[in-house]
Amino acid sequence: MTPHIESRDEDIADVVLMPGDPKRAELIASKYLDDAKLVNTVRGMNAYTGFYKGKRVTVFPSGMGIPSMGIYSYELFKFYNVSKIIRIGTVGGYLEDEKVFDVILADKSFSKSNYALDLSGSDSHIMEGSKALNEKIIEEAKREGIDLRVGNIYSTETFYDGGKNLDVMKNKYHCIGTEMESYALFANASYLNKEASAILTVSDNLVTKEEIDSSAREKSLDRMILLALNSIL
């Protein structure tokens with residue numbers, strides 16, 4: 001047990017899918033997993049372990065933002081010996097041709113955060129996803145006929161920034177979208193010698209202003225979820 005997770009070692013699978021929202025974790029467990037069992041309830045971060053096509057998997061929410069993702073993914077990697085975490089969440093699109101429900105795979109995550117510096121002494125503001133795990137996801141996307149866009153993501157600490165970072169992140173750092181968790185996940189994986197990826201669904205486009213509502217964000221992300229699940233088989 002840790003200060004934030006009450007699970008026993010044997011409760012957590014080797015591979016974890018990590019949505020941000022606890023409700024989304026519950027939905028995934030009930031819809032896609034066989035024999036799903038509730039393995040954590042601390043702070044309302046309800047997590048479940050079950051089987052997908054015979055593969056044991058845990059679905060554990062990260063909460064919102066770099067600090068929350070940093071805590072939960074670190075504890076899962078470090079104290080529960082998890083080897084792989086795939087973040088599944090939403091992203092704001094930076095490119096005009098990105099449509100809502102498009103699926104993005106994060107190649108690298110850029111952030112202004114000092115998370116990696118505080119964690120490991122690294123002053124790098126760019127963290128990479130696992131190349132091996134990303135290759136599996138890309139292969140699976142091709143098999144499923146998913147038009148997967150691969151690119152850099154801006155992992156921000158400020159949700160309401162008025163869009164002032166868009167041009168700099170898009171033009172200088174070649175980011176194709178923005179979210180709030182992948183940088184901490186990738187930093188933890190690098191520091192602890194684990195594997196991490198982030199598959200993201202476009203929930204809104206910051207250029208065209210197209211968006212989906214909160215109910216759809218929770219319930220209409222099947223392609224992303226199935227891509228993550230089938231990639232770990």
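1. Ile 85 counts as buried, at 0% relative accessibility; buried means under 20% relative accessible area, exposed over 50% and partly exposed in between, with a 1.4 Å probe and protein chains only. The residue belongs to strand β5. Helices (H or I, at least four residues) and strands (E, at least two) are DSSP runs, numbered from the N terminus. Leaving aside residues up to four places away in sequence, Ile 85 touches Val 16, Met 18, Ser 73, Leu 76, Phe 77, Leu 133, Leu 185, Glu 195, Ala 196 and Ser 197, where contact means heavy atoms within 4.5 Å. Met 69 is 16 residues from Ile 85 in sequence, and their C-alpha atoms are 11 Å apart.

2. On the basis of the work: this is a predicted model, in which local features need pLDDT of at least 70 and side-chain atom pairs count only at pLDDT 80 or more, while totals for chains, interfaces and linings use all residues. Residues are numbered from 1 along each chain as its sequence is written, and side-chain values use heavy atoms, with hydrogens and water left out.

3. Glu 98 is placed in the loop between β5 and β6. Its relative accessibility is 0%, so Glu 98 counts as buried. Its contacts, not counting residues up to four places away in sequence, are Gly 93, Ile 104, Arg 149, Ile 176 and Asn 205.

4. Helix α4 (residues 131–144) has 14 residues and should span 20 Å at 1.5 Å a residue; the distance between its end C-alpha atoms is 20 Å, which agrees. The expected span is 1.5 Å times one less than the number of residues. Just after α4, Gly 145 adopts a positive phi of about 70 degrees.

5. Which residues of α4 are buried? They are Leu 133, Asn 134, Ile 137, Glu 140 and Ala 141. Viewed down the axis of α4, these buried residues fall within an arc of 125 degrees, so they line one face of the helix; the arc is that of the directions from the helix axis to the C-beta atoms. Their cover includes β5 (84–93), β6 (103–110), β10 (195–205) and α8 (222–231). Lys 131, Lys 142 and Arg 143, on the other side of α4, are exposed.

6. The axes of α4 and α8 come within 9 Å and cross at roughly 120 degrees. Axes are lines fitted to C-alpha atoms, for helices over the stretch in contact, and angles run from 0 to 180 degrees between N-to-C directions. This makes α4 oblique to α8; angles under 35 degrees count as roughly parallel, over 145 as roughly antiparallel, 65 to 115 as roughly perpendicular and the rest as oblique. From α4, Lys 136, Ile 137, Glu 140, Ala 141 and Glu 144 meet Leu 226, Leu 227, Asn 230 and Ser 231 of α8.

7. Helix α1 (residues 22–32) also crosses α8, at roughly 70 degrees, with the axes coming within 12 Å. The two helices are therefore roughly perpendicular to each other. Ile 28, Lys 31 and Tyr 32 of α1 make the contact with Asp 222, Ile 225, Leu 226 and Leu 229 of α8.

8. In helix α6 (residues 182–192), nine of the 11 residues are buried, so the helix is largely enclosed by the rest of the structure. Among them are Tyr 183, Leu 185, Phe 186 and Leu 192.

9. Phe 159 lies in the loop between β8 (149–155) and α5 (166–171). At 55% relative accessibility, this residue counts as exposed.
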